[in-house]
Amino acid sequence: MRSTAMEVEGGRPFGQLQEEEAPTEAPTALEEEAPPEKGMSAEVPSSRSTPLIFAIGATAMFATLALWPPSTLRRPLSASPQPLTLGLSDGRALPRIAFGTGGRDKEQYRAGAAYPAVLDAISIGMRHIDTAAFYGDEAEVGRAVRDSGVSREALWVTSKLAVGPNTLGMGFNETLSALNASLSRLGLTYVDLYLIHSPFDRSRRIEQWRALVHAKQAGLARSIGVSNYGAAHLRELEAEPEQPVVNQIELHPWLQQAPTVAYCRAHGIALEAYGPLGPSANWKDPTLHRIAQARGRPVQQVSQPELSE
């Protein structure tokens, strides 16, 4: 349902892995041999060994909902059982499927489309809403959360610290100020998950992380993590008393980020995948179509182990 972040298709996401350890470019075509029982190739992490939370953009959202059993869609999903969740290393339960307000739709969201989109998402049962200061739509997202009629405790709201060329030099105090500004725009007293959006600011990464730890202790963020971090960036935090519970990265069969996935798997960091369907141009991949035909599933579904179960 969403691409939490920047661009679902084309271009490099905002600030993604610009230092030390950029991921190896993913293959442009899938392997020819038959896929293992779960996932599309041996390189795709199994949902049993590496947690993946699929967050897809609003543009792709409705196509994805069509993959769900039709009987489920005949009634509001809010009447369905509690959403499938993932247990984080801090003991909290994160809804695995998120609705995000970034990606290629962010300009529409900034223009006011985020409010009705988030209301619609919540009305059909979405309980994880993802935004960011960089998206420019926190006020509309927060208003939709408050107007949804769903209790705050039943919703999971994620936001992110904007880190990029225009926000260099954000140290400990600036990071706390940025989180407070996000909470003010959202009209909320806390976020469920707050992420450092990018490792872009090399000289301030540790300060920013320590500010997130402080914010968690103060109750402003209930869980904390990072986004677009590679293994080298994560290793910088190993000496810190508290580690990220989530790393949100672009992850799909054509961008598998094996070193980062392996690091997160070894250190108990949940992987949150944005753009998990991959670029729509890749949906024409002949191997993907052969796998989908053999399994009797849509091509978009077989690219995601969670939705293929």
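# Strands, helices and loops in a predicted chain

Let's start at a loop: Gln257 sits in the loop between E9 and helix H8 (258–267). The names come from DSSP: helices (H or I, at least four residues) and strands (E, at least two) are DSSP runs, numbered from the N terminus. This is a predicted model, where local features need pLDDT of at least 70 and side-chain atom pairs count only at pLDDT 80 or more, while totals for chains, interfaces and linings use all residues. Residues are numbered from 1 along each chain as its sequence is written, and side-chain values use heavy atoms, with hydrogens and water left out.

**The whole chain**

- The protein chain has eleven helices and ten strands.
- Of its 309 residues, 56% are buried; that means under 20% relative accessible area, with exposed being over 50% and partly exposed in between (1.4 Å probe, protein chains only).
- Take the contacts (heavy atoms within 4.5 Å) in the protein chain with a separation of 6 or more: 75% of them come from residues 24 or more positions apart.

**Strand E8 and its partners**

- Strand E8 (residues 221–227) has six of its seven residues buried, so the rest of the structure largely encloses it.
- Strand E7 (residues 191–196) runs parallel to E8, and five bridges join them; two strands pair if DSSP finds at least two bridges between them.
- Which residue of E8 is the bridge partner of Leu195? That's Gly225.
- E8 also runs parallel to strand E9 (residues 246–250), this time with two bridges.
- In that pairing, Val226 has Asn247 of E9 as its bridge partner.
- E7, helix H6 (residues 205–217) and E8 together form a right-handed β-α-β unit. Right-handed here means that, with the strands pointing away from the viewer, the path from the first strand over the helix to the second runs clockwise.

**Strand E10**

- All five residues of strand E10 (residues 270–274) are buried, so this strand is largely enclosed by the rest of the structure.
- Look at which way they point: Ala270, Glu272 and Tyr274 go one way, Leu271 and Ala273 go the other, and all are buried.
- E9 and E10 run parallel, joined by five bridges.
- Ile249 stands opposite Ala273 in E10.
- To get from E9 to E10 the chain passes through H8, and this β-α-β crossover is right-handed.

**How the helices pack**

- The axes of helix H5 (residues 172–186) and H6 come within 8 Å and cross at roughly 50°. Axes are lines fitted to C-alpha atoms, for helices over the stretch in contact, and angles run from 0 to 180 degrees between N-to-C directions.
- That angle makes H5 oblique to H6. Angles under 35 degrees count as roughly parallel, over 145 as roughly antiparallel, 65 to 115 as roughly perpendicular and the rest as oblique.
- On the H5 side, the residues making the contact are Phe172, Thr175, Leu176 and Leu179, and on the H6 side they include Glu207, Arg210 and His214.
- Helix H4 (residues 138–147) packs against H5 at an angle of about 50°, with their axes 7 Å apart.
- That makes H4 oblique to H5.
- In this contact H5 uses Ser182, Arg185 and Leu186, while the H4 residues include Glu138, Val141 and Arg146.

**Loops worth a look**

- Most residues other than glycine have a negative phi.
- Back to Gln257: its phi is near 45°, a positive value in a residue other than glycine.
- Is Gln257 buried or exposed? At 2% relative accessibility, Gln257 counts as buried.
- Asn228, in the loop between E8 and helix H7 (231–235), has a positive phi too, near 65°.
- Asn228 counts as buried, because its relative accessibility is 0%.
- Pro199 lies in the loop between E7 and H6, and its 1% relative accessibility makes it buried.
- Pro199 and Gly230 are 31 residues apart in sequence, yet their C-alpha atoms are 8.5 Å apart in space.
- Asn282 is in the loop between E10 and helix H9 (286–295).
- Leaving aside neighbours within four places in sequence, Asn282 is in contact with Trp254 and Leu288.
- Asn282 and Trp254 are 28 residues apart in sequence and 8.2 Å apart in space, C-alpha to C-alpha.
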